[in-house]
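Welcome! Please take a look at the sequence and the structure below before reading on.

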Amino acid sequence: MKKAFKLFGLAVVAMAVAVACGNANNAPAEEEIVADEATEEVVEEVQAPAQTPAKQVAVEEETETVKAEKVDAKEQLKNEIKTSVENQKAVAGAAIKSEADAAKEKLDNELKDGLKAAAAGAAVKVGKN
């Protein structure tokens, strides 16, 4: 009798598993539903005209606007770089001029000191003779 109950229990469990698996296979999976919806959207897009003329004009105008903005940005960048370079040249020129003036003044002072020393030496020579 125990064997009969075991076989009967095993048969009931096997049938329950079979029914559960059968129900699981009959219900569409979420991925299948999403894939079906995506396929329907693609089919609708293919069947619809590519773009209406108004959309094409709007896209072309937007493209031209973006191109114009890029050209303006490039021109502005060029102007900023040019201004920066000119400012750097002016600063460098002023620094070089300042250094040149300082060197010239130093040489002038050394020349004056040399002339004074030479004149003093000449006066001393004259005084000895």
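## Fold

This is a predicted model. The protein chain has three helices and zero strands, and read along the sequence its pattern is α-α-α. Helix H2 covers residues 30-47, while helix H3 takes in residues 53-128.

## Confidence

A word on confidence before you zoom in. The mean pLDDT of the protein chain is 76, with 60% of its residues at 70 or more. Confidence is highest in H3, at a mean of 86, and lowest in helix H2, at a mean of 58. Where pLDDT is low, the predicted coordinates should not be read in detail.

## Overall surface

How much of the protein chain counts as buried? Of its 129 residues, 0% do. The accessible surface of the protein chain is about 11900 Å², and carbon and sulfur atoms account for 62% of that area.

## Two surface patches

On the nonpolar side of the story, Leu77, Ile81 and Val85 form a surface patch. Together these residues have about 250 Å² of accessible area. Val85 lies in helix H3. Is this residue, Val85, to be called buried or partly exposed? Val85 is partly exposed, because its relative accessible area is 36%, and the partly exposed class runs between under 20% for buried and over 50% for exposed.

The other patch is a positive one, made up of Lys67, Lys70, Lys74 and Lys78. Among them, Lys67 is placed in helix H3.

How values were computed
Residues numbered from 1 in each chain as written. Predicted model: local features only at pLDDT ≥ 70, side-chain atom pairs only at ≥ 80, totals over all residues. Heavy atoms only, no water. Patch = residues over 30% accessible without salt bridge, like charges linked within 9 Å, V, L, I, M, F, W, Y side chains within 5 Å. Areas by Shrake-Rupley, 256 points an atom, 1.4 Å probe, with all protein chains shown as cover. Salt bridge = Lys/Arg side-chain N within 4 Å of Asp/Glu carboxyl O. Helix = DSSP H or I, 4+ residues; strand = E, 2+ residues; numbered from the N terminus. Buried < 20%, exposed > 50% of the residue type's maximum accessible area, 1.4 Å probe, protein only. Lys, Arg positive; Asp, Glu negative; His and termini not counted. Charge placed at Lys NZ, Arg CZ, Asp CG, Glu CD. pLDDT = per-residue confidence, 0-100.
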